[in-house]
There are 2 protein chains.
Amino acid sequence: MTKAKRIPPFLLRLLALSATISATIVLVTSHDSAEVLNMSFVAKYSNSPTLKYFMIVNAIASGYSLVLLFVPSKSLLWHFLLVLDLVITSLLISSISAALAIAYVAKKGNSHAGWLPICGQVPKFCDHVTGALVAGFAAVIIYFLLLLYSIHNVLDLLSTAKA
Amino acid sequence: MTKAKRIPPFLLRLLALSATISATIVLVTSHDSAEVLNMSFVAKYSNSPTLKYFMIVNAIASGYSLVLLFVPSKSLLWHFLLVLDLVITSLLISSISAALAIAYVAKKGNSHAGWLPICGQVPKFCDHVTGALVAGFAAVIIYFLLLLYSIHNVLDLLSTAKA
């Protein structure tokens, strides 16, 4: 890859890193409590396996982005980068979709299943989770762009090599 | 692509088609009712926005696989195929992750949020959803393999063209 072609993915990776770090920190610091029927009730991300999964995946993606910033782009490593990017993007999509599904129930409830919304009682917690979801969604978009950019480059190289 | 190289993806696409069709049908036919506290309670997939999303994505993926079986693999179309496969795989991952998160709450509940498990009351419904999730998971694995196969082929062609 030429040097000029390395700048856009480098910037995208920096953006992705800040998005996943933000998502992790905002989620970990989410905390709120309420009193319902004289019972104290604490809301935190670790009460939901889904939000824990979302946090762990964003932490892994942060570590991955951080390591990649210091890796020179040799062709053999780049071969695996595309697959590694694909795995990380899949994990990010999976974790944000699961977290969104749970956040939707927390916000709207599900009357058919008898699950009541909880965001009215713990608004600060829900605001934090919403913030984390927005950052996580940004990370997914950035990783998707990185994948498209890589695929475009490979196919471009292929047509140049063939010509 | 040589003819021999076209057989594995063709078989994988046939498998993916049957997996997504199964997931769609098994989910749409899920239905159970129960009486809780003298109130009749009907469980069906359309009561949950997440399960509706899962159903729609599997139906779209089925249509996509079906169309692709009849498309000749010319190089220009194949260019877009990789990106289309990526989009369908992302949708499948997203929908199954969201559905899994909701199915987990339906099975185990979440005592912190006060959401009770419902699978004890409507076991037939939960069995159907589990079946649909298994088929949907198989579809994700198959699409992931298709993506890896495509990426491997492109990189392979690239190194051959360079040599």
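1. A polar contact is a pair of N or O atoms within 3.5 Å; within protein, one must be able to donate a hydrogen and the other to accept it, and residues adjacent in sequence count only if both atoms are side-chain atoms. By that rule, six residue pairs are in polar contact across the interface of chain B and chain A, both residues being at pLDDT 80 or more.

2. The model is predicted: local features need pLDDT of at least 70, side-chain atom pairs count only at pLDDT 80 or more, and totals for chains, interfaces and linings use all residues. Residues are numbered from 1 along each chain as its sequence is written.

3. Chain B puts 35 residues into the contact (heavy atoms within 4.5 Å), and chain A 35 residues. Between them the chains bury about 3,300 Å², with 79% of it on carbon and sulfur atoms; this is the accessible area (1.4 Å probe) lost on being put together, summed over both.

4. On the side of chain B that touches chain A, helix 2 (49-68), helix 3 (75-108) and helix 4 (123-162) of chain B give two or more residues. Helix 3 of chain B gives the most, with 15 residues. Helices here are DSSP runs (H or I, at least four residues), numbered from the N terminus.

5. The whole structure has four cavities of 30 Å³ or more, a cavity being a set of points on a 1 Å grid over the protein atoms alone where a 1.4 Å probe fits but cannot get out. Residues from both chains line the largest cavity, including A:Ser90 and B:Phe144.

Key:
Chains lettered and ligands numbered in written order. Heavy atoms only, no water. Buried area = accessible area lost by both parts, 1.4 Å probe. 1 Å grid on protein atoms, 1.4 Å probe; cavity = no way out; pocket = protein on both sides within 12 Å on 5 of 7 lines; lining within 4 Å. Points joined across faces, edges and corners; volume = space filled by probe spheres on them.
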